[in-house]
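Dear colleague,

Please find below the structure that I am handing over to you. A short account of the findings follows it.

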Amino acid sequence: LGALGGFALDASRGYIPFTLTALMVLAFWTLITGGLHEDGFADVADAFRAWRTPEKIHEILKDPRIGAHGAVALLFLMLIRWQALSSITVDAVPALAASLALSRAAIVALLWAAPPAGSGSAVESSRSLTTPVALAVIAQGVAIAFWPGVHAASWLLAAAVLTVLAARRWFT
């Protein structure tokens, strides 16, 4: 997904406004993933605001509706992504491939390393996720992280590891 987005950004240079291409890449990513990541982000923003109790958090996470905090968080997330893509100055193909591969590998790592809460879709995903599959996905994400170079990979890997550790601590 990252490489495809990078190819679109690179191919559009000089033909259509770069900000429009960035917006189309975001729309493509959202459509191709079914908005799964955006939905999860909005759910977490709704559930975890104002230091709610674990019971209230689980109740909100099961609710299919989006609340005000989730909507505002999602709006800001998309605007930040759009502006980041619009102002990318490095080679977009390896940078976006590395970013998206490593972020998805981090989700698998968190799913593998942390117990699922409640009875949502993560429970079944966690049960069916074997250690060899988890390690293969993590290794793939780490390998692709080196595509833009060792320096970029070290920053990406450090950010991913810290994010997974912080998320595991927070969610458990």
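**Findings**

Thr21 lies in helix H2; helices (H or I, at least four residues) are DSSP runs numbered from the N terminus. The model is a predicted one, in which local features need pLDDT of at least 70, side-chain atom pairs count only at pLDDT 80 or more, and totals for chains, interfaces and linings use all residues. Residues are numbered from 1 along each chain as its sequence is written, and side-chain values use heavy atoms, leaving out hydrogens and water.

With a relative accessible area of 2%, Thr21 is buried (under 20%, whereas exposed means over 50% and partly exposed lies in between; 1.4 Å probe, protein chains only). Not counting residues up to four places away in sequence, Thr21 touches Ala8, Leu9, Ser12 and Ile16, a contact being heavy atoms within 4.5 Å.

Ile32 is also found in helix H2, but counts as exposed because its relative accessibility is 52%. Together with Leu1, Leu4, Phe7 and Phe28, Ile32 makes a nonpolar surface patch of about 470 Å². Helix H1 (2-12) and helix H2 (18-33) each supply at least two residues of this patch.

Helix H5 (residues 68-86) has 19 residues and reaches 27 Å from its first C-alpha to its last, close to the expected 27 Å, which is 1.5 Å times one less than its number of residues. Its buried residues are Gly70, Ala73, Leu77, Leu85 and Ser86. Their cover includes H1, H2, helix H3 (36-48) and helix H6 (92-113).

With kind regards

Technical notes: Patches are made of residues with over 30% relative accessible area and no salt bridge: like charges are joined within 9 Å, nonpolar side chains (Val, Leu, Ile, Met, Phe, Trp, Tyr) within 5 Å. Accessible areas come from the Shrake-Rupley method with a 1.4 Å probe; for residues, only the protein chains shown count as cover. A salt bridge is a side-chain nitrogen of Lys or Arg within 4 Å of a carboxyl oxygen of Asp or Glu.
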